[in-house]
Amino acid sequence: VPTAADISRDVLTNKSAVMFDILRASSTVSTALANGCKEVIPVVEVDDAFALAKTLPENTFLLGGERGAVKVPGFHLGNSPLEYNVGTVGNKTVILTTTNGTQATRRAAEGSGQVFIGSLLNVSAVAKKLMEMEQDIVLVCAGTRGKFSLEDTLAAGMVARELVRLWQLKGQISPALTENLPINGEFYLDETPMVSGNGLVLEDAAVAALRLAEYYENNPLRALYDSLHGQKLAQIGLAADLAYCAQVDLFDVVPVYRDGKIGID
Ligand code: MLT
């Protein structure tokens with residue numbers, strides 16, 4: 001579970017990646033696609049967005065995104081998922097640029113594997129998709145300007161948790177995550193290797209994220225308010241976005257980034 005700033009080609013080689021920027025880019029992308037948007041094209045700079053728009057036929061696209069959490073002047077939409085409803089984005093291409101999320105998506109794609117977009121809105125759908133991949137998985141937390149972010153780690157932890165549940169159903173999981181605890185001072189793991197017969201194991205960062213998810217499981221909104229970026233959004237009048245992004249499993253969609261565009265398989 002690295003932040004986007006820590007990822008490198010080595011980390012990503014032959015792995016599937018999931019990018020989380022739940023406040024708000026990855027929630028916005030999932031919402032747009034669930035509401036019938038044709039595709040989302042993430043671009044890094046505002047100028048790139050305007051340049052790309054010039055190449056597309058009129059009325060087929062919308063410019064969306066933010067700087068400083070505020071809509072970019074001249075854009076149709078900001079980065080609030082609530083703006084990306086069926087009537088607005090249906091059958092449209094969205095050109096999206098955000099401060100952290102769009103860059104993290106492109107960085108996650110530097111490896112050779114598939115890149116999915118995760119949020120609280122699609123935890124179970126993402127975990128199910130990852131089960132099908134039969135590949136090592138990197139959960140990339142976009143973070144806030146390169147720093148650890150609580151809300152992205154929470155979402156990564158929720159996906160890790162659901163993966164563990166699915167693995168356990170198949171009888172495959174590292175015993176480190178079973179409920180077995182040391183008995184009479186004898187540590188269970190002394191005799192049981194961290195890696196199960198099937199080789200499935202979570203790195204410590206993923207275990208930490210999973211435990212964070214357990215802490216907030218009954219009130220994910222609280223994590224969003226505990227986070228620095230969440231507080232900033234609430235302060236500038238965007239509390240409704242926090243409430244929206246805190247919903248778990250609202251959609252069954254798994255956005256995938258391929259050839260520069262995000263769509264649904
Ligand atoms: C980002 O990509 O940095 C975020 O989505 C910012 C935001 O909350 O709009």
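This is a predicted model: local features need pLDDT of at least 70, side-chain atom pairs count only at pLDDT 80 or more; totals for chains, interfaces and linings use all residues.
**Arg145.** I then looked up where Arg145 sits, and found it in the loop between β7 (136-141) and α7. I also checked Arg145 against Ala109: the two are 36 residues apart in sequence, and their C-alpha atoms are 18 Å apart in space.

**Core.** My next stop was the largest nonpolar core, which has 74 residues. Which of its residues touch the most other members? I noted Met19, Phe20, Leu139, Val140, Val159 and Ala160. Helix α7 (residues 150-169) gives this core its largest share, with 9 residues.

**Helix α2.** I went on to α2 (residues 25-34) and asked how many of its residues are buried. I got 10 of 10, so I logged the helix as mostly covered. Among the buried residues in α2 are Ala25, Ser26, Thr28, Val29, Thr31 and Leu33. After α2 I came to Gly36, and its phi is positive, near 90°.

**Ligand shell.** Last, I listed which residues are around the ligand. I wrote down Asp21, Leu23, Arg24, Ala25, Glu66, Ala69, Asn79, Thr98, Thr99, Asn100, Gly101 and Leu233. How does this shell divide into nonpolar, polar and charged residues? My tally reads 4 nonpolar, 5 polar and 3 charged.

Key:
Residues are numbered from 1 along each chain as its sequence is written. A residue is near a molecule or strand if its C-beta atom, placed from the backbone, lies within 6 Å of it. Ala, Val, Leu, Ile, Met, Phe, Trp, Tyr, Cys and Pro count as nonpolar, Asp, Glu, Lys and Arg as charged, and the others, Gly among them, as polar. A nonpolar core is a set of buried Ala, Val, Leu, Ile, Met, Phe, Trp, Tyr and Cys residues joined through C-beta atoms within 7 Å. A residue is buried if 20 or more other C-beta atoms lie within 10 Å of its own, exposed if 12 or fewer, and partly exposed in between; C-beta atoms are placed from the backbone. Helices (H or I, at least four residues) and strands (E, at least two) are DSSP runs, numbered from the N terminus.
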